[in-house]
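Please keep the sequence and the structure in view while going through the points below.

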Amino acid sequence: MSSYTTELTMTHLVGHTPVCWIGEPFAPRGQGFWAKLEGANPGGLKDRSALYIVEQARARGELAPGATIVESTSGTFGLGLALAGIACGHPITVVTDPGMETIIHTLLVSYGVRVEIVARPHPVGGWQQARLDRVARLLASEPGAYCPDQYNNPDNVEAYTSLADELVARLGRIDVLVCSVGTGGHSAGVARRLRLHNPALHLVGVDSIGSTIFGQPARPRLMRGLGSSIHPRNVAHDAFDEVHWVAPHEAVWASRTLAQTHYATGGWSVGAVTVVASWHARTRPPGTRIAAIFPDGPARYYTTVFDDAYCAGHDLLDRPPAAEPDEIKHPGEAEVIRWTRMVTR
């Protein structure tokens, strides 16, 4: 099989993911939201951005044939890079931290990825800054190596045009879009494209407590995949109409309830997004069309979100979110510790 055929076959596995209606018990009968199930991609949502970034870097000559790709990741983007590396013929090195789940580490190694684990967090920037510092050292030691820089690379935003187009083709008009926010790529890219169809689109960002993205103090975070201890440039702050912070126990309750009632579920980001999207479904006028992005599925969370011993040890069980979020008007008003909403414009 030629390298072209191999690349074409693998890249065609990405995209055209299904949507699923999420209704009761998250909203009354007849109300709910549409979830875009990005876990149907081979590695999840970030397959889209990893492939696109690599393709664009190759097209511009920034990434030479056979050159090594080095990047920081908590997991999902690493899986996307593994796919891109196999499809396009690039060795992959990812830098992560001890919080990476064993199943993701094992999968990455199985895909031929070299995995480097930092030993301790940066005193200010936490695990993410420690990972980025290691990436910088690796790049300096290997001339010609390329870093996708998912936190700041504008290609990480453009990569999600296809996801937005799929939503429009399936749902037509979208009034409210709910996205988790980590690197900021998919919220910025999907919203920008959707606003070409509906300029009045209401964009809702979902962050983790302990994340500094929207002005809260950085704290150690249990949840992975959303939130940040650094400030990614790809976060389109001006695009958001409101922001919600969600706590781990609230995300766990939502993810487990999704599993029991809808089968379609996922981990921290999926649970947090569901808490917020379902509130909009309950409180907005009938006929409002709400879409939410579910970044991945449940598989990597069998030792965390779906593990009773882990959840009991972190006091995450049987603690559903309140019926309404707390409200703040400015991120400096209070340090949030549970589901909290802030209107930004």
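1. The first point concerns a charge and a ring. Arginine 170 sits over the face of tryptophan 34, 5.3 Å away from the centre of the ring. Please bear in mind throughout that the model is a predicted one.

2. One of the pairs joins phenylalanine 33 and phenylalanine 294: the ring centres are 6.3 Å apart and the planes stand at 65°, so the arrangement is edge-to-face. Phenylalanine 33 belongs to strand 2 and phenylalanine 294 to strand 9, so that distant parts of the chain, 261 residues apart, are linked.

3. Phenylalanine 214 and phenylalanine 240 are both buried.

4. Salt bridges number 22 in this structure. In one of them, aspartate 155 meets arginine 60, and the closest N and O atoms are 2.7 Å apart. The bridge links helix 6, which holds aspartate 155, with helix 2, which holds arginine 60, across 95 residues. Aspartate 155 is buried, because its relative accessible area of 9% is under 20%. Arginine 60, at 43%, is partly exposed.

5. Arginine 300 and glutamate 101 form another salt bridge, again with 2.7 Å between the closest N and O atoms. Arginine 300 is in the loop between strand 9 and helix 11, and glutamate 101 is in the loop between strand 4 and helix 4, so the bridge ties together parts that are 199 residues apart in sequence. Both arginine 300 and glutamate 101 are buried.

6. In the salt bridge between arginine 319 and aspartate 315, the closest N and O atoms are 3.4 Å apart. Arginine 319 is partly exposed at 31% relative accessible area, and aspartate 315 is likewise partly exposed at 47%. Elsewhere, salt bridges with shared partners connect Lys36, Glu38, Arg48 and Glu166 in one network.

7. Which residues form a nonpolar patch on the surface? They are Ile86, Leu107 and Tyr111, which together have about 250 Å² of accessible area. Tyrosine 111 is located in the loop between helix 4 and strand 5, and its relative accessibility of 39% makes this residue partly exposed.

Notes. Residues are numbered from 1 along each chain as its sequence is written. This is a predicted model: local features need pLDDT of at least 70, side-chain atom pairs count only at pLDDT 80 or more; totals for chains, interfaces and linings use all residues. Side-chain values use heavy atoms; hydrogens and water are left out. Rings of Phe, Tyr and Trp (its six-membered ring) pair if their centres lie within 6.5 Å; planes under 30 degrees apart count as stacked, over 60 as edge-to-face and the rest as tilted. Helices (H or I, at least four residues) and strands (E, at least two) are DSSP runs, numbered from the N terminus. Buried means under 20% relative accessible area, exposed over 50%, partly exposed in between (1.4 Å probe, protein chains only). A charge sits over a ring if NZ of Lys or CZ of Arg is within 6 Å of the ring centre and within 35 degrees of the ring normal. Patches are made of residues with over 30% relative accessible area and no salt bridge: like charges are joined within 9 Å, nonpolar side chains (Val, Leu, Ile, Met, Phe, Trp, Tyr) within 5 Å. Accessible areas come from the Shrake-Rupley method with a 1.4 Å probe; for residues, only the protein chains shown count as cover. A salt bridge is a side-chain nitrogen of Lys or Arg within 4 Å of a carboxyl oxygen of Asp or Glu.
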